[in-house]
Amino acid sequence: MNNQKEIMAHYIAGPKDSYFVHGSPPIETVEVVAYDISWPEIYAEVSGSIENELGSRILKIDHIGSTAIPGIAAKPVIDIDLTVADPADEENYLPALENLGFELIVREPRFHGHHLFHLKKPRVNLHVFEPDSPETVRHLLFRDWLRQSEDDCLRYANAKLEAVQGCSVDIAKYHENKKRVVHDIYRKIFQSLGYLDSEDA
């Protein structure tokens, strides 16, 4: 099981931590749009297809990211976390995902076994992780916090709208621009869980 320290650690990619499988993927325009009520339906359809294809090989599957937060502006990309027993055992799941149209984009074995897949239509980012990954815990904590905190939900939405300005084709810059707000919200989450005291927050 993961511990509090691992959950609170923000991942910083190093030169050996990101491996594009077929070179850098095509550049996509970064846009933040108003919440779309179809996003949960798209997730349900895609996750259902994954469940039908993989069956008991799935340990956990979750809708994460902003499209999983009702009412919030977001990039129109459905983010899904998928937990399997061993991400390194690609034959156990990769052919099945490819049958559904997913393309493997990145392997990051040192980042909790992370594999990133893209689906073009509908546009989906599928993140495959190992069991008990602190990153999947973080994703759910962030999602659930914003589902119940109107103030932080609005703050995060505004941060994203500001972050996208001037970086319409630079996803890394977009994430960097909103990082301060993201980290501040995480501090509030960790403090509420007792992971941090008031002096650390």
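Let's begin at the start of α4, where a side-chain oxygen of Ser133 comes to within 3.1 Å of the backbone nitrogen of Glu135. A quick word on the source: this is a predicted model, where local features need pLDDT of at least 70 and side-chain atom pairs count only at pLDDT 80 or more, while totals for chains, interfaces and linings use all residues. Residues are numbered from 1 along each chain as its sequence is written, and side-chain values use heavy atoms, leaving out hydrogens and water.

Pro134 belongs to helix α4, and helices here are DSSP runs of H or I with at least four residues, numbered from the N terminus. Pro134 is buried, at a relative accessible area of 6%, where buried means under 20% with a 1.4 Å probe, protein chains only. Its C-alpha atom is separated by 8.3 Å from that of Met8, 126 residues apart along the chain.

Other buried residues of α4 include Phe142 and Trp145. What do the buried residues of α4 pack against? Among the partners are α1, β2 and α6; the strands are DSSP runs of E with at least two residues.

Now to α6. The two helices, α4 and α6, pack at an angle of about 90°, with axes 10 Å apart; axes are lines fitted to C-alpha atoms over the stretch in contact, and angles run from 0 to 180 degrees between N-to-C directions. So α4 is roughly perpendicular to α6, a label for angles of 65 to 115 degrees. The contact (heavy atoms within 4.5 Å) includes His139 and Leu146 of α4 and Val182 and Tyr186 of α6.

Notes:
Buried < 20%, exposed > 50% of the residue type's maximum accessible area, 1.4 Å probe, protein only. Polar contact = N/O pair within 3.5 Å; in protein donor to acceptor, adjacent residues only side chain to side chain. Parallel < 35°, antiparallel > 145°, perpendicular 65-115°, else oblique.
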